[in-house]
Amino acid sequence: MTMEERYEQLEATIRSYNPGANFQQIRAAYEYAAAAHEGQKRKDGSPFVSHPLAVAQIVAEELHLDSESIMAALLHDTIEDTAATHEDLAKIFSPTVADLVEGVSKLTRVHFTSKVQEQMENLRKMLLAMSKDIRVILVKIADRLHNMRTMEYQTPEKQKQKSFETMEIYAPIAHRLGMQRMKWELEDLSLKYLDPVGYQEITDALEVKEAEYKDFMEQVNQQIRQRVKEDGIGDAVVYGRLKHPYSIYRKMYTQNKSLNEIFDLIAFRVIVDTVADCYNVLGIVHDLYKPILGRFKDYIGTPKPNMYQSLHTTVMGASGIPFEVQIRTHEMHEIAEYGIAAHWKYKQNGQGKGDENSYEWVRRLLENQDGADAEEFIHSLKVDMFADEVFVFTPRGDVINLPAGATPIDYAYTIHSAVGNHMVGAKVNGRIVQYDYQLRNGDVVEVLTSQSARGPSRDWIKIARSSEARSKIRQWFKRERRDENIVAGRASFESELKRCGVTIKELASDENLPAVLKKLSYNTLDDMYAAIGYGGITALKIVGRLREEIQKIIQRRQAELPQPVAEPAKQEAAKQAAPVRQRAVQGIIVEGMANCLVKFAKCCTPVPGDDIVGFITKGYGISVHRSDCPNASPERRAKEEGRWLKVSWAESAQETYHTTLQVTAKDRMGIIVDISTVLSSTKTRVCSLNARTTPDGFALTEIEIEVSDHQQLQTVIRRLEQISGVMRVTRPAG
Ligand code: MN
């Protein structure tokens with residue numbers, strides 16, 4: 001056949017399913033490809049353009065795709081193998097056609113060098129993710145199918161390599177997209193080169209069986225046809241076939257059986273109009289032949305993930321020959337044979353008959369594209385299944401799967417912590433990139449390392465996207481910078497302790513230390529400082545765990561004091577018993593005293609603007625309460641008159657104050673998120689947040705915050721009260 005004849009055959013095929021196709025443009029694409037590939041030959045000596053023509057023929061005949069896909073198939077090797085550019089194609093044809101061709105070329109450039117099984121799923125996902133427009137992968141599969149059909153002209157090495165790739169990558173993708181016919185052909189062709197002896201054995205045996213079973217199959221066909229007709233089931237298509245070589249091969253291999261032991265070599269198909277008829281036919285088949293127990297599968301009730309639907313049953317025919325029967329509707333059949341492309345065709349021709357809801361899988365791809373017209377449907381049919389992952393290559397060709405947005409730092413630490421720790425630079429596709437470069441699908445990433453590398457910088461923790469990389473970087477700081485960490489950790493622990501009125505010296509006394517370390521499960525204090533220093537735990541948390549011990553120290557100190565400090569004259573003693581703070585102490589003016597120790601009562605956590613009153617504690621200076629606090633009730637004030645003092649807020653209170661809020665809300669999803677949003681939008685620092693739900697459906701949240709005054713606190717409270725579901729915001733006291 002001349003090239004022109006082949007082209008005319010292509011047009012005829014397209015016309016049979018899509019008379020309105022853009023034949024002028026398709027012809028132009030063919031002529032452009034013929035001119036661009038002029039002089040290039042295939043391995044069998046034919047002009048190169050015979051290959052794109054054949055791919056377009058597959059795309060039309062097998063998948064009934066649209067004009068743009070046909071043009072892309074005709075042009076699919078022009079960017080890769082000729083002088084044509086994306087720009088040229090966009091100008092002459094359309095940007096979409098140019099994108100499709102570019103997409104196919106990108107997939108062609110991906111080289112599969114790895115043979116490791118775990119890599120395969122990543123490679124498949126990568127191809128799908130790279131395809132973006134599903135038509136890219138459909139054209140690529142057609143390209144691969146034609147290459148496999150003409151594989152005999154290649155060297156044995158190339159045959160094996162391409163067949164392996166096809167078996168591991170392209171056939172599973174065809175399966176995932178629901179295209180059974182192309183999947184089978186890809187598998188059978190691959191098997192032919194991967195295990196020529198095994199393949200030959202099976203095809204020879206099938207030939208024998210075919211002759212042997214011919215009469216039997218004809219008889220079964222007649223019987224089913226007749227009963228279906230008698231029962232008034234209209235428009236039924238019945239046919240039988242021998243199973244295809246690879247499915248038999250796989251059964252022999254996985255179940256370790258000889259060909260004669262394979263249970264059912266014959267499969268019948270009955271295709272009817274309605275789902276109800278499917279179940280009617282099932283009844284007929286079970287009535288005619290003895291069903292084999294445990295072999296019935298209802299994929300109509302429970303479709304496979306790739307949308308496949310059918311009833312499967314295996315029955316025993318005359319002279320003990322078992323066979324499988326698959327029963328489905330015409331529409332299910334189309335989906336089974338052509339997969340996602342079939343669904344697309346239905347929509348495209350405006351024949352979206354049947355139940356749209358049955359295409360959950362496609363719907364998931366489309367998400368918000370409901371009601372889009374045919375044109376939009378095609379453009380929105382993007383493979384976004386792996387939107388939160390990115391797939392890149394090592395220089396050796398292994399695929400590494402990273403979270404979307406990952407950087408060379410993530411990559412390096414995924415390879416090995418030692419690679420990350422010695423990284424001095426990174427290359428992507430041969431070019432040096434910044435550490436915060438966002439990796440893209442198909443990038444080849446190389447990490448430059450040096451034995452004298454200084455190690456990660458603390459910024460890397462912010463740049464890395466994967467928690468794995470971040471924790472490995474922290475590990476490094478933990479190990480390599482122990483001395484620095486101890487110094488930094490000790491400093492922050494010391495200042496945290498100071499807030500509680502205790503010193504490290506007291507805490508680490510011979511008497512206290514063993515209990516403290518046991519409580520914290522560190523072997524030495526330095527270990528604990530190091531942990532704080534590298535960020536493994538916060539000083540605040542540690543102090544929280546030591547609350548009891550700290551309490552004990554304070555109590556002991558009080559017990560050692562000769563007598564309660566009851567009169568103002570003795571206040572000097574109080575001042576000396578504990579470290580004294582500077583300034584208008586914490587924004588509080590104590591009447592008749594300067595520079596005495598002041599703390600805010602934990603029970604009511606006053607903030608500037610609140611009415612307050614002071615209480616002289618035993619050994620810990622003045623405790624400031626809100627005047628409405630139950631612990632400062634008039635009764636109490638009367639009882640210990642000498643210990644209550646007038647206190648007031650200083651004008652220039654610049655510090656921040658701890659206070660506690662309690663939020664009562666109806667428990668619902670996201671309530672904590674809403675609360676923290678309010679806190680961050682009012683620039684309120686949160687010291688701790690404790691939420692619990694009650695059995696009767698309320699969420700109680702206790703938040704310890706830092707505010708600068710009463711006014712800011714009121715704003716926070718007001719904003720919290722506005723959150724939907726929040727019923728009450730209170731300041732606990734007492
Ligand atoms: Mn090609």
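How many helices and strands does the secondary structure of the protein chain comprise? The chain comes to 32 helices and 21 strands, where helices (H or I, at least four residues) and strands (E, at least two) are DSSP runs numbered from the N terminus. The views below show a predicted model, in which local features need pLDDT of at least 70, side-chain atom pairs count only at pLDDT 80 or more, and totals for chains, interfaces and linings use all residues. Residues are numbered from 1 along each chain as its sequence is written, and side-chain values use heavy atoms, with hydrogens and water left out.

**Figure 1. Overview of the protein chain.** Of its 734 residues, 49% count as buried; buried means under 20% relative accessible area, exposed over 50%, and partly exposed in between (1.4 Å probe, protein chains only). Among contacts with a separation of 6 or more, 66% are accounted for by residues 24 or more positions apart. A contact here means heavy atoms within 4.5 Å.

**Figure 2. Packing of helices α1 and α3.** Two packed helices are described by the angle between their axes and the distance between the axes. Helix α1 (residues 3-17) packs against helix α3 (residues 50-61) at an angle of about 15°, and their axes are 9 Å apart. The axes are lines fitted to C-alpha atoms, for helices over the stretch in contact, and angles run from 0 to 180 degrees between N-to-C directions. Helices α1 and α3 are therefore roughly parallel to each other, given that angles under 35 degrees count as roughly parallel, over 145 as roughly antiparallel, 65 to 115 as roughly perpendicular and the rest as oblique. From α1, the contact involves Met3, Arg6, Tyr7, Gln9, Leu10, Thr13, Ile14 and Tyr17; from α3, it involves Ser50, Leu53, Ala56, Gln57, Ala60 and Glu61. By class, these residues are eight nonpolar, four polar and two charged. In this classification, Ala, Val, Leu, Ile, Met, Phe, Trp, Tyr, Cys and Pro count as nonpolar, Asp, Glu, Lys and Arg as charged, and the others, Gly among them, as polar.

**Figure 3. The contact of helices α11 and α13.** Helix α11 (residues 180-194) and helix α13 (residues 245-254) have axes that come within 8 Å and cross at roughly 65°. Glu187, Asp188 and Leu191 of α11 meet Pro245, Tyr246, Tyr249 and Arg250 of α13. The contact of α11 with α13 has four nonpolar, no polar and three charged residues.

Figure 4. A pair of aromatic rings is described by the distance of the centres and the angle of the planes. Rings of Phe, Tyr and Trp (its six-membered ring) pair if their centres lie within 6.5 Å; planes under 30 degrees apart count as stacked, over 60 as edge-to-face and the rest as tilted. By this rule the count is 13 aromatic pairs. The rings of tyrosine 7 and tyrosine 30 have centres 4.7 Å apart and planes at 10°, so this pair is stacked. Tyrosine 7 belongs to helix α1 and tyrosine 30 to helix α2 (residues 23-36), so the pair ties together parts 23 residues apart in sequence. Tyrosine 7 is buried at 0% relative accessibility, and tyrosine 30 is buried at 7%. Tyrosine 435 and tryptophan 460 form an edge-to-face pair, 5.1 Å from centre to centre with 75° between the planes. This pair links distant parts of the chain, 25 residues apart: tyrosine 435 lies in the loop between β10 (431-433) and β11 (445-449), and tryptophan 460 in helix α21 (residues 459-463). Tyrosine 435 is partly exposed, with a relative accessible area of 21%, whereas tryptophan 460 is buried at 6%. Phe216, Phe268, Tyr289 and Phe323 form one aromatic cluster.

Figure 5. Glycine 232 lies in the loop between α12 (196-230) and β1 (237-242) and is exposed, at 61% relative accessibility. Its C-alpha is 9.9 Å from that of aspartate 277, 45 residues away in sequence. Lysine 243, in the loop between β1 and α13, is buried with a relative accessible area of 12%. Leaving out residues up to four places away in sequence, lysine 243 touches Leu206, Ile248, Lys251, Asp264, Leu265, Ala267 and Glu324.

Figure 6. Asparagine 429, although not a glycine, has a positive phi of about 50°. Asparagine 429 is placed in the loop between β9 (423-428) and β10 and is partly exposed at 47% relative accessibility. Threonine 605, also a residue other than glycine, has a positive phi near 35°. Threonine 605 occupies the loop between β13 (598-600) and β14 (612-616) and is buried, with a relative accessible area of 7%.
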